[in-house]
Amino acid sequence: MAATVEIDSESGFCFGVVTAIRKAEEVLDKCGTLYCLGDIVHNSDEVERLRSRGLITITHDDLAKLKNVTVLLRAHGEPPSTYRIAKENNIEIIDATCPVVLKLQQRIKHTFDNDSATQIVIYGKNGHAEVNGLVGQTNGKAIVAESIADLDKVDFSRDISLYSQTTKSPQGFRAMIEEINQRKNSNTRFEHFDTICRQVSGRAGSLREFAAAHDVILFVSGAKSSNGKVLCAECAGVNPRTHQIANPEDINPDWLTDAHTIGICGATSTPRWLMEKVKTKVEEINQTATAK
């Protein structure tokens with residue numbers, strides 16, 4: 001009997017990514033060509049799909065050399081320097097910054113502009129596009145802490161404001177808060193702001209339920225997706241037969257041995273069409289195995 005294959009109904013693009021891709025497709029439908037600063041989403045298959053439609057991915061170095069073109073800013077957001085360069089080069093900006101990220105940028109900028117004595121600490125991944133945009137609101141002065149060890153860069157005798165990259169885990173953020181509370185001076189003012197996107201973090205609970213309900217989990221996510229790493233770990237925590245794959249070609253048929261139910265899910269950067277392709281591949285593998 002072939003295994004049952006199910007795609008998680010709550011997996012797939014978050015609101016910010018959906019909006020960015022919709023805006024890109026609207027321009028491509030009209031003009032046939034559009035520049036995008038960085039990968040529009042951390043999924044190489046989706047990037048390739050849009051590239052075939054005319055989306056050209058560029059770097060910040062490329063941006064500085066372009067003039068009189070249209071450039072889309074993806075959901076991750078950008079530092080003020082990007083907008084300045086665009087203005088100087090007569091570049092039209094299509095701003096697809098996620099509203100959650102934009103609000104976080106504004107909060108960090110407000111703290112930086114109005115409270116020069118306070119250290120701004122961002123719990124996030126060094127070099128991540130969103131984090132670069134957040135640090136840019138502070139003229140590069142914010143401290144980025146990926147882990148507890150990075151808190152050694154903080155002066156615990158000075159006031160501290162802690163923010164989080166929108167796609168980090170709530171558990172990790174709480175650990176940061178506890179560590180700072182333990183290490184700060186008694187007279188140090190410490191404020192922390194939970195700026196984690198609930199559309200992202202809220203998926204963890206439902207994904208754990210989904211993973212626990214299946215014998216095997218295929219978690220579809222691009223290698224660059226921070227959110228994918230977090231959510232895949234949530235699945236693996238309740239189902240040791242969880243496997244992260246980028247596309248159907250990554251599936252090892254041996255993973256599916258003796259599985260009665262196979263669940264397919266993904267990150268907020270994983271397109272639904274890619275999970276459908278994974279399901280088709282799994283069904284083909286099952287049919288081959290059953291025929292033997």
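This is a predicted model: local features need pLDDT of at least 70, side-chain atom pairs count only at pLDDT 80 or more; totals for chains, interfaces and linings use all residues.
Modeller: Local features need pLDDT of at least 70 and side-chain atom pairs count only at pLDDT 80 or more, while totals for chains, interfaces and linings use all residues. Residues are numbered from 1 along each chain as its sequence is written, and side-chain values use heavy atoms, without hydrogens and water.

Biologist: Why is histidine 192 called partly exposed?

Modeller: Its relative accessible area is 39%. Buried means under 20%, exposed over 50%, and partly exposed in between, with a 1.4 Å probe and protein chains only. Histidine 192 therefore counts as partly exposed.

Biologist: What does histidine 192 touch?

Modeller: Leu162, Phe173 and Ile177, leaving aside residues up to four places away in sequence. Contact means heavy atoms within 4.5 Å. Serine 164 is 28 residues from histidine 192 in sequence, and their C-alpha atoms are 8.9 Å apart.

Biologist: Why does asparagine 90 count as exposed?

Modeller: Asparagine 90 has 53% relative accessibility, so it counts as exposed. Asparagine 90 also has a positive phi of about 55°, although it is not a glycine.

Biologist: And what makes aspartate 258 exposed?

Modeller: Its relative accessibility is 65%, so aspartate 258 counts as exposed. Aspartate 258 has a positive phi too, about 65°, and is not a glycine.

Biologist: How do the lining residues of the second largest pocket divide?

Modeller: Into four nonpolar, four polar and three charged. Ala, Val, Leu, Ile, Met, Phe, Trp, Tyr, Cys and Pro count as nonpolar, Asp, Glu, Lys and Arg as charged, and the others, Gly among them, as polar. The lining includes Phe112, Asp115 and Ser116.

Note on methods. On a 1 Å grid over the protein atoms alone, a cavity is a set of points where a 1.4 Å probe fits but cannot get out, and a pocket is an open set with protein on both sides within 12 Å along at least five of seven lines; lining residues have an atom within 4 Å of a point.
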